Amino acid sequence: TTVSNASLFEIKNNLKVKLYPNPTSNTIWVSIDKSEIQNVIDLSIQMIDISGKVILTKNLSQHKFSLDLSNYSDGIYFLEIFQDNERLSSKKVIRN
């Protein structure tokens, strides 16, 4: 699956999401504000590379989780968060 770069920037980033450390060389932690999303059962994420290729899709089971990026090449990625197939947030992740 490929995502157009234009669609990455049309998202309203109203969802409070923290990514740390960013940039990272191995693991990045993702924390979603519980006051905005009570139930994570319907949440999923996609990691997209700079060319728009979806390289990771994952259903969420908690508000805070880690992603192992050690097998990815250095570069810029986008972490997108979805609820019921609606994109809620897109955050830039830098792997170095």
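Modeller: Let us begin with R87, which is partly exposed, with a relative accessible area of 27%. Please keep in mind that we are looking at a predicted model.

Biologist: Which residue forms a salt bridge with R87?

Modeller: That is E80, and the closest N and O atoms of the two residues are 2.9 Å apart. As a general point, side chains of opposite charge can pair when their charged atoms come close.

Biologist: And is E80 buried or exposed?

Modeller: E80 counts as buried, because its relative accessibility is 0%, and the cut-off for buried is under 20%.

Biologist: Which residue does E80 stand opposite in β7?

Modeller: In β7, E80 stands opposite S90. The strands concerned are β6, which covers residues 75–83, and β7, and they pair in the antiparallel sense over nine bridges.

Biologist: How many salt bridges does the structure hold?

Modeller: It holds two. Besides the pair of E80 and R87, the side chains of D74 and R95 meet in a salt bridge, with a distance of 3.0 Å from N to O. This pair links distant parts of the chain, since D74 is in the loop between β5 and β6 while R95 is in strand β7, 21 residues apart.

Biologist: Are D74 and R95 buried or exposed?

Modeller: D74 is exposed, with a relative accessible area of 54%, whereas R95 is buried, with a relative accessible area of 11%.

Biologist: What comes after β7?

Modeller: N96 lies in the segment after β7, the strand that covers residues 86–95, and N96 counts as partly exposed, at 45% relative accessibility. If we leave out residues up to four places away in sequence, N96 touches P23, T24, S25 and D74. The C-alpha atoms of N96 and Y72 are separated by 9.5 Å, and these residues are 24 apart along the chain.

Biologist: Let me step back to the sheets. What is the strand order in the open sheet of four strands?

Modeller: The order is β4-β3-β6-β7, and the pairing is antiparallel. β4 and β7 stand at the edges, and each has a single partner strand, so one side of each is left without a neighbour in the sheet. From one strand to the next, the twist averages 20 degrees.

Biologist: What about the open sheet of three strands, which order does it have?

Modeller: Its order is β1-β2-β5, again with antiparallel pairing. β1 (17–20) and β5 (64–68) stand at the edges with a single partner strand each, so one side of each is left without a neighbour in the sheet. Between β2, which covers residues 27–32, and β5 there are five bridges, and the bridge partner of T27 in β5 is D68.

Biologist: Which residues form a nonpolar patch on the surface?

Modeller: The patch is formed by I50, I76 and I94, which together have about 230 Å² of accessible area. I50 has its place in the loop between β3 (43–49) and β4 (54–59).

Biologist: To finish, how many helices and strands does the whole protein have?

Modeller: There is one helix and there are seven strands, and from the N terminus on the elements run α-β-β-β-β-β-β-β. Of the 96 residues, 40% count as buried, while the protein exposes about 5,700 Å², of which carbon and sulfur atoms supply 45%. Among contacts between residues at least 6 apart in sequence, 57% join residues at least 24 apart.

Terms used:
Residues numbered from 1 in each chain as written. Predicted model: local features only at pLDDT ≥ 70, side-chain atom pairs only at ≥ 80, totals over all residues. Heavy atoms only, no water. Pairing = 2+ DSSP bridges. Helix = DSSP H or I, 4+ residues; strand = E, 2+ residues; numbered from the N terminus. Patch = residues over 30% accessible without salt bridge, like charges linked within 9 Å, V, L, I, M, F, W, Y side chains within 5 Å. Areas by Shrake-Rupley, 256 points an atom, 1.4 Å probe, with all protein chains shown as cover. Salt bridge = Lys/Arg side-chain N within 4 Å of Asp/Glu carboxyl O. Buried < 20%, exposed > 50% of the residue type's maximum accessible area, 1.4 Å probe, protein only. Contact = heavy atoms within 4.5 Å. Axes fitted to C-alpha atoms, helices over the stretch in contact; angles between N-to-C directions.
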